[in-house]
Amino acid sequence: LDFMATWCGPCATEMEHLNEVQDNYNSENLSIISIDIDNMESREDLIEFKNDYECDWRFAINGENVGFDYYIEYIPI
């Protein structure tokens, strides 16, 4: 699980690394899920971010405060 936000500079930098991980371990049934923890961001914001960084794994919006459920205190994590 990758907890992130589209406005987070380190999160954007992390996308390159996660792309490499995805490419290197895709044959080993690796699943990456990036979860945007900012409740103010829209689905469109997330889709644009995903497309800008050419990410082909799943992205999700924070739903019912998943960041709190996982005790996320800072991002990226």
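## A loop position and the basis of the model

Asn26 counts as partly exposed because its relative accessibility is 45%, where buried means under 20% relative accessible area, exposed means over 50% and partly exposed lies in between, with a 1.4 Å probe and protein chains only. Asn26 is found in the loop between helix 1 and strand 2; helices (H or I, at least four residues) and strands (E, at least two) are DSSP runs, numbered from the N terminus. From Asn26 to Asn51 the separation is 25 residues in sequence and 19 Å in space, C-alpha to C-alpha.

The model is predicted, so that local features need pLDDT of at least 70 and side-chain atom pairs count only at pLDDT 80 or more, whereas totals for chains, interfaces and linings use all residues. Residues are numbered from 1 along each chain as its sequence is written, and side-chain values use heavy atoms, with hydrogens and water left out.

The strands form an open sheet of 3 strands in the order 1-2-3, with parallel pairing, two strands being paired if DSSP finds at least two bridges between them. Strand 1 (2-4) and strand 3 (58-61) are at the edges with a single partner strand each, so one side of each is left without a neighbour in the sheet. Direction ignored, neighbouring strands of this sheet are turned by 25° against each other on average; the axes behind such angles are lines fitted to C-alpha atoms, for helices over the stretch in contact, and the angles run from 0 to 180 degrees between N-to-C directions.

Strand 2 (residues 33-36) pairs with strand 3 in the parallel sense over 4 bridges, and Asp36 has Ile61 in strand 3 as its bridge partner. Helix 1 (residues 9-25) packs on the sheet and touches strand 1, strand 2 and strand 3, its direction making about 155° with that of strand 1, where contact means heavy atoms within 4.5 Å. Helix 2 (residues 43-52) also packs on the sheet, touching strand 1, strand 2 and strand 3, with a direction at about 155° to that of strand 3.

## Helix 1

Helix 1 has 17 residues and reaches 25 Å from its first C-alpha to its last, close to the expected 24 Å, a span taken as 1.5 Å times one less than the number of residues. Helix 1 also bends by about 25° at Met15, the bend being the angle between axes fitted to the seven residues ending there and the seven starting there. Its buried residues are Cys11, Ala12, Glu14, Met15, Leu18, Asn19 and Gln22, and their cover includes strand 1, strand 2, helix 2 and strand 3.

## The nonpolar core

The largest nonpolar core has 18 residues, and those with the most contacts inside it are Phe3, Met4, Met15, Phe49, Trp57, Phe59 and Ile75; such a core is a set of buried Ala, Val, Leu, Ile, Met, Phe, Trp, Tyr and Cys residues joined through side-chain atoms within 4.5 Å. Two or more residues of this core come from each of strand 1, helix 1 and helix 2, and helix 1 gives the largest share, 4 residues. Not counting residues up to four places away in sequence, Phe49 touches Met4, Thr6, Cys11, Ala12, Met15 and Phe59.

## Positive phi values

Glu54, in the loop between helix 2 and strand 3, has a positive phi near 55° in a residue other than glycine, and counts as exposed because its relative accessibility is 66%. Tyr71, in the segment after helix 3 (66-69), is not a glycine either, yet has a positive phi of about 60°; at 68% relative accessibility, Tyr71 counts as exposed.
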